[in-house]
Amino acid sequence: MKILVVEDNERMARFVTKGLKEAGHTTDHAENGRDGLFLAVSERYDVIIMDRMLPGNIDGLTIIDALRKADNPTPILILSALGDVDERIKGLRAGGDDYLTKPFAFGELLARIDGLSRRRRQDAAQTALEVGDLRIDLLGRKVWRGARAIQLQPREFKLLEYLVRHAGQVVTRTMLLENVWDYHFDPETNVVDVHISKLRQKIDADEERQLLRTVRNAGYMISAEPPPVAGAG
Amino acid sequence: MTRVIRSSAVTLATGYVLLAFTALVLFAAPLLYAWQETIKDFRFEILQEDSQRLVHVFDLRGAAGLKAFIDERVGMQIAGERMLLLSDAAGRPLAGNLPAWPQSIPAHAGSYTLPVTLDGRHTMVAMVLATLPGGCRLLVGRDVDRFAPIERRFWYGLAGAVAVLTVAGLIGALLIRRALLARVQSTQQTVAAIMRGDLSHRLKVRSSGDELDTLAQTINRLLEQIEQLVHGIANVSNSIAHDLRTPLAELRSRLEELSLTRPPLQETFAEIDAAVADVDGVIRIFNALLRLAEIDAGLRRSNFVETDLAELVAKAVEFYLPAAELKGLSLCLRDHGPTGARCDAVLLAQAINNLIDNALKFVAPGGHIELEVARLAQGLVAVTVADDGPGIPEADRPRAAQRFFRGDASRGTPGVGLGLSLVEAIARLHGGSLELADNHPGLIARMIIERGAAAAAAPEQQRSGSVVEPVT
């Protein structure tokens, strides 16, 4: 993917662009609002990572506002040290698609970028989802693994749906908390892990191929592909 | 500031004096005018009558008769201030108390008010002139200046009133200025003391309850809030300094050791991972503290929306149920149906989750956790989390909600000791409190909040408990 990073802190920008390149993306970097806005309107990007507080007169939200007014639909992830719920709401209202607070884990950023690029491609009118031999009927709210029907509780269904919609990409605990439960804080106990293992029990138990797996230091991924042997992270 | 007060008090007083003066003039001027006109009319009427009577005497008795009549009157001193003069056609005086026709008197008949010199004395005379048959002329007049003293007295009175008004106004202005200055100066001194850093000072409030007192009371309330906020910030700073130092020291020693010993690569990576986890821990404390400070500052009231508390609790229970089952605990909810409240849903969800989180941590396998949402009197609602775990010893309960307090039972469990203080702060933001009580055995944590606008609306029908009947 081609990603624009608008970030004034040199070290942070280097950390982000280096990590993105290692993950196979190409990046452009702008270190102030003026350059950021110029690049954002003159080039085509798959995702824009936007810092909020930038040197000069143009801050991140102003750029987002300008892009949205020009009907530019590029997904934008706001990366900011302003972490209040209010600030977050302000960022999303301005037209940002996702909001990540500094400091952050790089895995979280990567997972969210994947999620953003996926979101655009997704067809809202989809009625069924599929990963390997796992099938989800979104209208009837039914799940099958091969020929076996799986009984899921509503929240488990929502959890599985979110994972499958992001099949093949890492989904972090925070993303699950935010999108499945709408919780914007970190519980101290590993409650999400327990939900995942319960779900795994239902879909992967007694199956030869495990679909739902844990990605160390990052989160979870549902995928029909077998995990890479080395360097899985 | 002094100059402003002075000028404002004096301007005010001057304004009032001018206003009173204008009112006085508006009152006096028409009066004076009417008075003068009436006197004048009345005077000419009398002179006219007199003149006609004399003309009548002339008609009856002729010039000689009239002369005798006038002489008689002058002799009797009836005339007094009255002036009478009868002259022949050539203007020579025949009778009367004037030695000659005064100069500057017009020749034809009519009514006049003219300056006349009599015995070397200048005076104003109102007169009626009549021409008699045969060319004789008659003058009947009256000295107007005799009224001047009365008129002068009127002006003196007016001037006196104006003087009194001015003096009273100026004295009033000075008094107001002194009173204002005294109070403003005391306020100024108090504020200066506060600006020097002593927030305990308050403005003096007198018992009079006037506008300045109301203002002083409002400012005092403002000062109280500022003091609380400043103390809150100081507390948070202290807590941060105190409790971030430990994990930061650990992190530092870990990294320093790594740099000094340079262990094999595999071990180095493990140490780096551990260091990142340390940093995450620091960040978590940091976030919790920021959230607490934000709540304490009361900045989040703008996010209050109508929310069903029962739904929030049910969702939290559902969220924690698998974790509870995994630990062998029962987690259940006494459902009494929807319970609306006007609140910050994000914060309340966090508070409820913190309470369940706490219970999950401390209750031993086989234990029970029970939640309940119950409406109380006076527009309050309580979210109760009751467990049969170790509880909190009575001596520790008042301190349990303090920042970074960790009881004996919490040793060896994860957490930084901010959970209950967060719940307490959230309850306080919602006009309520956090109560901790003994469950014989175990802990009852009861978060009470105001229902806000929802309480004013018609109360929804509470379903009877689907698990057990409500206790309250």
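Which residue just after α8(A) takes a positive phi? Hold that thought for a minute. What we have on screen is a predicted model, so keep that in mind as we go.

Okay, the answer: A:D206 does, with a phi of about 60°.

Now the helix itself. α8 of chain A covers residues 191-204, which makes 14 residues. At 1.5 Å a residue you'd expect a span of 20 Å, and the end C-alpha atoms sit 19 Å apart, so the two agree. Which residues of α8(A) are buried? They're A:V191, A:V192, A:H195, A:I196, A:L199 and A:I203. Look down the axis of α8(A) and those buried residues fall within an arc of 135°, so they line one face of the helix.

Let's move over to chain B. Its secondary structure comes to nine helices and 12 strands. Chain B has 472 residues, and 26% of them count as buried. If you take the contacts in chain B between residues at least 6 apart in sequence, 65% join residues at least 24 apart.

Last topic: where the chains touch. Chain B puts 18 residues into the contact, and chain A puts in 16 residues. On the chain B side, α4 (265-296), α5 (309-327) and α6 (345-362) each supply at least two residues. Which of the elements gives the largest share of that side? That's α6(B), with seven residues. And by residue type, the side of chain B that touches chain A divides into 10 nonpolar, five charged and three polar.

Methods:
Residues are numbered from 1 along each chain as its sequence is written. Chains are lettered from A and ligands numbered from 1 in the order in which they are written. This is a predicted model: local features need pLDDT of at least 70, side-chain atom pairs count only at pLDDT 80 or more; totals for chains, interfaces and linings use all residues. Two residues are in contact if their C-beta atoms, placed from the backbone, lie within 7 Å. Helices (H or I, at least four residues) and strands (E, at least two) are DSSP runs, numbered from the N terminus. Ala, Val, Leu, Ile, Met, Phe, Trp, Tyr, Cys and Pro count as nonpolar, Asp, Glu, Lys and Arg as charged, and the others, Gly among them, as polar. The expected span of a helix is 1.5 Å times one less than its number of residues. A residue is buried if 20 or more other C-beta atoms lie within 10 Å of its own, exposed if 12 or fewer, and partly exposed in between; C-beta atoms are placed from the backbone. The arc is that of the directions from the helix axis to the C-beta atoms.
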